[in-house]
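I opened this notebook to record what I looked up in one protein model. The entries go from the whole chain to single sites.

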Amino acid sequence: MPNFRNRESVRASLGSRSPVLMPSLLACDFANLQQEIRDIEATGVHGLHLDVMDGHFVPNLSFGLPVIEAIRAVTDLPLDVHLMIDNPAEYAARYRDAGADCITVHAEVLDDPRPLLDEIRESGAMAGLSLNPPTPLETILPALPHCDLVLVMSVMPGFGGQEFDPVALEKLSRLRDDPACDALLEVDGGVNPSTIADCVRAGADLLVAGTAVFGADDYQQRVDSLNQLARSGRDG
Ligand SMILES: O=C(CO)[C@H](O)[C@H](O)COP(=O)(O)O
């Protein structure tokens, strides 16, 4: 059984470190998964982003419960699990049992996300709600008080290596300025050295980056430079 942390402590720890780079293992070398985790952990990152895809909600398959369990067994880093699946209500509890610290579900597949967000919170995980680039921000506003995290997609989910869509910046700014929103704000897709500072300036706390991290020859150098650019967005 994983060593469960509670959502308040994970949320406080991530929030106090904002802006936080969250490497997405989708872009790592799956044939060397444990070594990749060790190498990225050694750079000093504070969490890992894990993309679960079902081939229905998104036109791609990635990995599921057994892989999350295997990752949980080899790292103590917070695991931020992004469920890109049609039926998150059927699976959320099982991802918590597998070791997820944060579970994010998509607004597009839930008529009313609030009961599921509450259930995720009651399980002890942080509850996240995500929306795709074409989905209006208005669709998630009633659920904000039930969210520990809002994940603003800056690409259509399904594949790494896509170009950043600036529509995410406007959504982040609006969320940051909304007094009803005290969730951590996360952005995912096309986050790289050219876009990361703008994301932080717009209000992002958590920055998911796959290709920009695992596509680099030197992970330490890339993580350091992304962190520096992120901090320049916060302080500049
Ligand atoms: O959610 C995702 C894909 O659906 C990935 O997390 C995202 O694409 C990150 O990859 P990259 O940094 O290469 O854009």
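The entries below follow the order in which I looked things up.

**Entry 1. Ground rules.** I noted that this is a predicted model, in which local features need pLDDT of at least 70 and side-chain atom pairs count only at pLDDT 80 or more, while totals for chains, interfaces and linings use all residues. Residues are numbered from 1 along each chain as its sequence is written.

**Entry 2. The whole chain.** I counted 9 helices and 8 strands in the protein chain; helices (H or I, at least four residues) and strands (E, at least two) are DSSP runs, numbered from the N terminus. The C-alpha atoms fill a box of roughly 45 × 40 × 35 Å along the principal axes. Of the contacts with a separation of 6 or more, 65% join residues 24 or more positions apart; a contact requires C-beta atoms, placed from the backbone, within 7 Å. Buried residues make up 46% of the 236. A residue is buried if 20 or more other C-beta atoms lie within 10 Å of its own, exposed if 12 or fewer, and partly exposed in between, with C-beta atoms placed from the backbone.

**Entry 3. Helix 1.** Which residues of helix 1 (residues 7–17) are buried? I found Arg-7, Val-10, Arg-11 and Leu-14. They lie on the same side of helix 1, because they cover an arc of only 95° around the axis, the arc being that of the directions from the helix axis to the C-beta atoms. An α-helix has 3.6 residues a turn, so residues three or four places apart point the same way. Glu-8, Ser-9, Ala-12 and Ser-16 are exposed on the other side. The cover over the buried residues includes strand 1 (20–23), strand 4 (102–106) and helix 5 (114–122).

**Entry 4. The annotated active site.** An unreviewed UniProt entry places "active site" at Asp-51 and Asp-188. These two span 138 residues in sequence, yet their C-alpha atoms are not more than 10.5 Å apart, so they gather at one spot. I noted that UniProt annotations may be inferred rather than shown by experiment, that positions are in the numbering used here, and that feature names are shortened.

Asp-51 is in strand 2 and is buried, with 24 other C-beta atoms within 10 Å. Beyond four places in sequence, Asp-51 touches Ser-24, Leu-26, Ser-62, His-82 and Met-84. Asp-188 lies in strand 7 and is buried, with 28 such atoms within 10 Å. Its contacts, on the same exclusion of neighbours within four places, are Leu-151, Met-153, Ser-154 and Val-208.

Entry 5. The "binding site" annotation of the unreviewed UniProt entry includes Gly-161 and Gly-190. Gly-161 is partly exposed, with 14 C-beta neighbours inside 10 Å, whereas Gly-190 is buried, with 25 within 10 Å.

How values were computed. Contact = placed C-beta atoms within 7 Å.
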